[in-house]
Amino acid sequence: MKQIKSFFRYENIGLLYALPAFLYMLFFVGYPIVSNLILSLQNVTVRNLVRGSRDFIGFDNYIKLMHDTVFLRAMFNTLLFTVSCLVVQFVIGFALALLFQKDFSFARPVRGLLMIPWMIPMTVTALIFKFMFSTDVGIINYFLKSAGLISENIQWLTSPATAMTAVIIANIWIGIPFNTILISTGLTTIPLELYESAAIDGANGRQKFFKITLPLMRTTIESLLVLGFIYTFKVYDMVYVMTGGGPVNSTHLLSTYSYKLSFEMFQYSLGSSAANVLLVILLLVGVVYLKITMKGEKE
């Protein structure tokens, strides 16, 4: 009883406030992760799911995935999708953030309108871009034809050569506001006196950018890229709505292929193994993000 009473002292009362969040994470995050890990070490398909027989096969599912050409293609697609989106979103977002630092008319309304792509639900955006990239009635082909850039309609979403490009463009459009807002926030923390002093010393715009802006924005940029990687690497609904992983598995990501294995091919253990590969990669990136954050706080 003394130990229980000592626990409820004033300095420990904060733990009680954190208890509901801890229980929520335990049951709704921790349990599914552990259950999914156990499932990946078993052989569970639609045939033996009803019977309840689950044979323990160790890491055979992971070994099988390493020899699965579609899985390897999905891994490559995920990396290509993530890196392409991150680079373009960051460059355009940085340019827009620098633009909105200028004092010009309608800057605030335009900045507000820029947030619309980020606020629209992902599924709605995917449907919009699916119609825009339509072969016969899509507005993309209409404008390209009107400009004389193409003579025949491009099969954006039905050709393996162009489907991934279309999906990347759609995701870039969504991520630009996120990059712009975070970079704009970081730019506001840079003292204007530094730019004024540099101008007095004769520094031009290019020198100010590389000698002042980029060095002082390092922590913001690192955090932005890590968060952007995590957010983009696990994208599912955008690709599933636009292409469903096709054509010919050309746009499958780890997330979509894990879904296909589990709920279309009914190979639940293989699907959970693919999902665990995605989880491990994101956990490693999360550890990197925590180290960057802790390093920034110390500095």
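This is a short tour of a predicted model, one selection at a time.

**Stop 1: the largest nonpolar core**

Select F81, F133, L157, V167, I168, M238 and M242. These residues have the most contacts inside the largest nonpolar core, which has 22 residues. Now colour four helices: α5 (69–100), α8 (122–132), α10 (163–187) and α14 (237–242). Each of them supplies at least two residues of this core. Which helix gives the most to this core? The answer is α10, with eight residues.

Zoom in on L157. Beyond the residues up to four places away in sequence, L157 touches K130, F133, A163, A166, M242, T243 and P247.

Next, select Y257, A274, L282 and I292. They are among the 20 residues of another core, which lies apart from the largest one.

**Stop 2: N276**

Show helix α16, residues 268–298, and find N276 in it. Is N276 buried or exposed? N276 counts as buried because its relative accessibility is 7%, and the cut-off for buried is under 20%.

Display side chains here. The side chain of N276 makes a polar contact with the side chain of N36, at 2.8 Å. Leaving out neighbours within four places in sequence, N276 is in contact with N36, L37, S40 and Y62.

**Stop 3: the cavity**

How many cavities of 30 Å³ or more does a search of the whole structure find? The search finds one. The largest cavity holds about 30 Å³ of space.

Select its lining: Y240, G244, H252, T256, Y259, K260 and E264. Helix α15 (residues 254–263) gives the largest share of this lining, three residues. Sorted by class, the lining has two nonpolar, three polar and two charged residues.

**Stop 4**

Most peptide bonds are trans, and most residues other than glycine have a negative phi.

Go back to P247, in the loop between α14 and α15. The peptide bond from G246 to P247 is cis, with omega near -5°.

Stay in the loop between α14 and α15 and select N249. N249 is not a glycine, yet its phi is positive, near 60°. N249 counts as partly exposed because its relative accessibility is 24%.

Finish at F266, in the loop between α15 and α16. F266 is not a glycine either, and it has a positive phi of about 60°. With 36% relative accessibility, F266 counts as partly exposed.

Notes
Residues numbered from 1 in each chain as written. Predicted model: local features only at pLDDT ≥ 70, side-chain atom pairs only at ≥ 80, totals over all residues. Heavy atoms only, no water. Core = buried A, V, L, I, M, F, W, Y, C linked by side-chain atoms within 4.5 Å. Buried < 20%, exposed > 50% of the residue type's maximum accessible area, 1.4 Å probe, protein only. Contact = heavy atoms within 4.5 Å. Polar contact = N/O pair within 3.5 Å; in protein donor to acceptor, adjacent residues only side chain to side chain. 1 Å grid on protein atoms, 1.4 Å probe; cavity = no way out; pocket = protein on both sides within 12 Å on 5 of 7 lines; lining within 4 Å. Points joined across faces, edges and corners; volume = space filled by probe spheres on them. Nonpolar A, V, L, I, M, F, W, Y, C, P; charged D, E, K, R; others polar.
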